[in-house]
Amino acid sequence: MTKLVVVIQCEHALKRCCGFWCTRDFYDRLGPFADYPSDTQYMTFSCGGCCGQGLAAKVENLASRLQSVGRDKKNVVVHFASCVCTDNHHHTPCPFQNILKTILKRHGFTTIVRGSHLSVTAQQRRDQGIYRS
């Protein structure tokens with residue numbers, strides 16, 4: 001059973017995005033968060049910047065904190081925020097997603113989901129062929 005959802009956001013997108021929609025979708029259980037139980041906790045942090053190497057220290061810190069309170073990494077689901085994994089108004093999908101996955105897996109975080117919030121406008125642009133699906 002998932003007890004913690006971690007959303008990894010793009011460092012560059014965070015310069016203009018506060019993460020409101022991803023957080024709202026989690027708490028309202030919308031989109032990719034729809035099936036999480038009500039006792040699931042939520043946290044976010046950035047990838048650490050291109051090429052994602054800053055993520056290693058954050059993930060190591062998270063693993064250490066989980067261990068210190070007796071929590072299992074198997075109860076953690078990591079979401080790449082939509083700003084990381086989709087074509088959107090911030091930028092194209094992150095070219096370093098595979099590096100991010102490798103870093104997460106090396107630290108024992110194996111459940112990785114692509115996506116958080118998809119705006120109506122972004123979906124319309126995908127439907128129009130402006131953004132890649």
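The open sheet has 4 strands in the order S2-S1-S3-S4, paired in the parallel sense. Its edge strands are S2 and S4 (112-114), each pairing on one side only. On average, neighbouring strands of this sheet are turned by 25 degrees against each other, direction ignored.

This is a predicted model: local features need pLDDT of at least 70 and side-chain atom pairs count only at pLDDT 80 or more, while totals for chains, interfaces and linings use all residues. Residues are numbered from 1 along each chain as its sequence is written, and side-chain values use heavy atoms, leaving out hydrogens and water.

Q: How do you know that S1 and S2 pair?
A: Two strands pair if DSSP finds at least two bridges between them. Helices (H or I, at least four residues) and strands (E, at least two) are themselves DSSP runs, numbered from the N terminus. S1 (residues 4-9) and S2 (residues 41-46) have 6 bridges in the parallel sense, so they pass the rule. Gln9 stands opposite Ser46 in S2.

Q: What makes S1 and S3 a pair?
A: The rule of at least two bridges applies again, and S1 and S3 (residues 76-80) have 5, in the parallel sense, so they pair. Val5 stands opposite Val77, and Phe80 is the bridge partner of Ile8.

Q: Why is the unit of S1, H1 and S2 called right-handed?
A: A crossover has this name if, with the strands pointing away from the viewer, the path from the first strand over the helix to the second runs clockwise. S1, H1 (residues 20-27) and S2 make a β-α-β unit of that hand.

Q: Why is Asp25 called buried?
A: Buried means under 20% relative accessible area, exposed over 50%, and partly exposed in between (1.4 Å probe, protein chains only). Asp25 has 4%, so it is buried. This residue of helix H1 is in contact (heavy atoms within 4.5 Å) with Leu30, Phe33, Ser116 and His117, leaving aside its neighbours within four places in sequence.

Q: Why does Ala63 count as buried?
A: Its relative accessibility is 13%, so Ala63 falls under the 20% limit. Ala63 is found in H2 (residues 55-68). Leaving aside neighbours within four places in sequence, Ala63 is in contact with Lys73 and Phe109.

Q: What makes the pair of Phe26 and Phe33 edge-to-face?
A: Rings of Phe, Tyr and Trp (its six-membered ring) pair if their centres lie within 6.5 Å; planes under 30 degrees apart count as stacked, over 60 as edge-to-face and the rest as tilted. By this rule the count comes to 6 aromatic pairs. The centres of Phe26 and Phe33 are 5.6 Å apart and their planes are at 80 degrees, so this pair is edge-to-face.

Q: Why is the pair of Phe26 and Tyr42 called stacked?
A: Their ring centres lie 4.6 Å apart and their planes at 25 degrees, so the pair is stacked. Phe26 lies in helix H1 and Tyr42 in strand S2, so the pair ties together parts that are 16 residues apart in sequence. Both Phe26 and Tyr42 are buried.

Q: How do you know that the charged end of Arg29 sits over the ring of Phe26?
A: A charge sits over a ring if NZ of Lys or CZ of Arg is within 6 Å of the ring centre and within 35 degrees of the ring normal. The charged end of Arg29 is 4.2 Å from the centre of the Phe26 ring and sits over it. Lys73 likewise lies over the face of Phe109, at 5.8 Å from the ring centre.

How values were computed: Axes fitted to C-alpha atoms, helices over the stretch in contact; angles between N-to-C directions.
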